[in-house]
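Hi,

Here's the structure I said I'd pass along. Have a look at it first, and then read on for what turned up.

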Amino acid sequence: MTVSDAIKAIEGISNSLVALPGSEEYDRLAKSYFTELERELKPACFVTPSSTAQVADILKAIKPFAEPSMLAICGAGQQATPGVANVRDGLTIDLRRLRGIQIDTDKGIVSVGAGELMGTVYDEVLAAGLGVVGNRHSSGGIGGDAIQGGLSYFSYARGFVCDNVTNYEIVLADGRAVNANADTNRDLWVALKGGANNFGIVTRFDLQVFPQGQLWGGKVFYFQDSFSGQIQSLVKYLNDPSPDVDVHICLSLGYTPTGDMLAMNDIFCTRPEKPKALEPFADVQPQIEQMKSLRVTSLKALTDEAFTGAVANRVVKMTTTVKADVEVLNYAVETFRATYSKLKEVANFLYSITFEPIPVSLIKQSIARGGNSLGLKASDGPLVVVLLYSSWDKTGDDESIYEANKEALRAIEAKALNSNASSPYLYMNYAFPHQDPINSYGSECRTQLQAVSKEYDPEGFFQKAGVGPWKLGM
């Protein structure tokens, strides 16, 4: 779009919708992104609607000025992928004024405005004695998880975050606000569960709620020599024919900026007790007792802890997925260590590898809850998402860090392929722009996503004008 003309068109609706460079609101929004790689993409303006009707008016106003890759959509701005929620010199529609949390106990749902933070949502549902499947960081929003996939503490028993969205309120390119659910616009509902921002702007999410009290969980810190044994315990759990699905496990190994290495288990049970399934991960020895945070507490408290002290400078995540194979996961650790040795001179470099399971029970729940667009079948599992997390300070180190991580992923994927343990699936929430999660869902899912785009956005507005690395290849 011709940006200046589009801005004038929006100002014709209301000057209060536009935050221009130099204004206090512009600076506040620009600084609010999680990673500097998003913060440095300065748009020509931020557009700040506070209602679905305003989102509709904005889209109708700017559509005549459409130009390629000039419109970004931001919920909470907490995803690390560069360019996923901001755009240089274009328009960023920031949804953080779209607030509102309403619980309907008769329908068993909570309706959440697209600008809400999950910590606020958790406060509301917990006060009603309920739980909801949302992200694991209270400072994060809902949109990135609910339209890309999303892993939750409840996922082994209830599927991805997107699987728990019973209805999306979405504004289409022509300015119509519609609902997408199992009964109305079902094809769009399924497409939105993993298809990202390719179809419109979601302004409200209706999510299932359920009775929920306190949880048990937290973090365990220990030493790298024990990490291989933890991998064996993880694979054993994932291959258990009758696993405890009320748990959640993440294994991480990381280097601090001083070069020290620590291992960490993020473990949780949705019951207020230490379950037998988590004993190998809670009781690993030797561990650093003074850093352990295992306890019975609320969902909100656990999600507050998850993000405490996170370094928010230049942050990149890259990912791949493999089958639950001890040899391949150990090889991934070896590759991670070798990659660190190439990058250890980078100033203030923080580097970690994390293994996040996708058990068969999760995939079955996705299917049972109406299906999604991720292309996973129960026979594909159990799987493990491999996350490489990098944080550093200087722009001059960008390319070396990008390339080293890309090389590491290629090596891990080659090992998995040679070990008959590969998976095409890429978890979009952790993907880097050079990766193609949409294609990883498989040709059948991609074709269906393209068909939905043609039906609901026949002129391809969001494919052409919308930014973001993961379009539908139309």
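Leaving aside its neighbours within four places in sequence, which residues is asparagine 167 in contact with? Keep in mind that this is a predicted model. The list runs Asn179, Ala180, Asn181, Trp189, Arg204, Phe205 and Asp206.

Two of those partners come with polar detail. The side chains of asparagine 167 and asparagine 179 are joined by a polar contact of 3.0 Å. A polar atom of the asparagine 167 side chain also lies 3.5 Å from the backbone nitrogen of alanine 180. Asparagine 167 itself sits in strand β8 (residues 165-171), and it counts as buried because its relative accessibility is 6%, under the 20% cut-off. As for tyrosine 237, it is 70 residues from asparagine 167 in sequence, and the C-alpha atoms are 33 Å apart.

Now the nonpolar cores. The largest has 96 residues, and Phe160, Tyr168 and Leu188 touch the most other members. Strand β10 (residues 201-211) gives this core its largest share, six residues. Another core lies apart from it, with 53 residues, including Ile249, Val284, Ala408 and Ile412. In soluble globular proteins, nonpolar side chains tend to be buried together.

Is arginine 446 buried or exposed? Its relative accessibility is 15%, so it counts as buried. Beyond its neighbours within four places in sequence, arginine 446 is in contact with Asp436, Ile438, Asn439, Lys471, Leu472 and Gly473.

Cheers

Conventions
Residues are numbered from 1 along each chain as its sequence is written. This is a predicted model: local features need pLDDT of at least 70, side-chain atom pairs count only at pLDDT 80 or more; totals for chains, interfaces and linings use all residues. Side-chain values use heavy atoms; hydrogens and water are left out. A nonpolar core is a set of buried Ala, Val, Leu, Ile, Met, Phe, Trp, Tyr and Cys residues joined through side-chain atoms within 4.5 Å. Buried means under 20% relative accessible area, exposed over 50%, partly exposed in between (1.4 Å probe, protein chains only). Helices (H or I, at least four residues) and strands (E, at least two) are DSSP runs, numbered from the N terminus. Contact means heavy atoms within 4.5 Å. A polar contact is a pair of N or O atoms within 3.5 Å; within protein, one must be able to donate a hydrogen and the other to accept it, and residues adjacent in sequence count only if both atoms are side-chain atoms.
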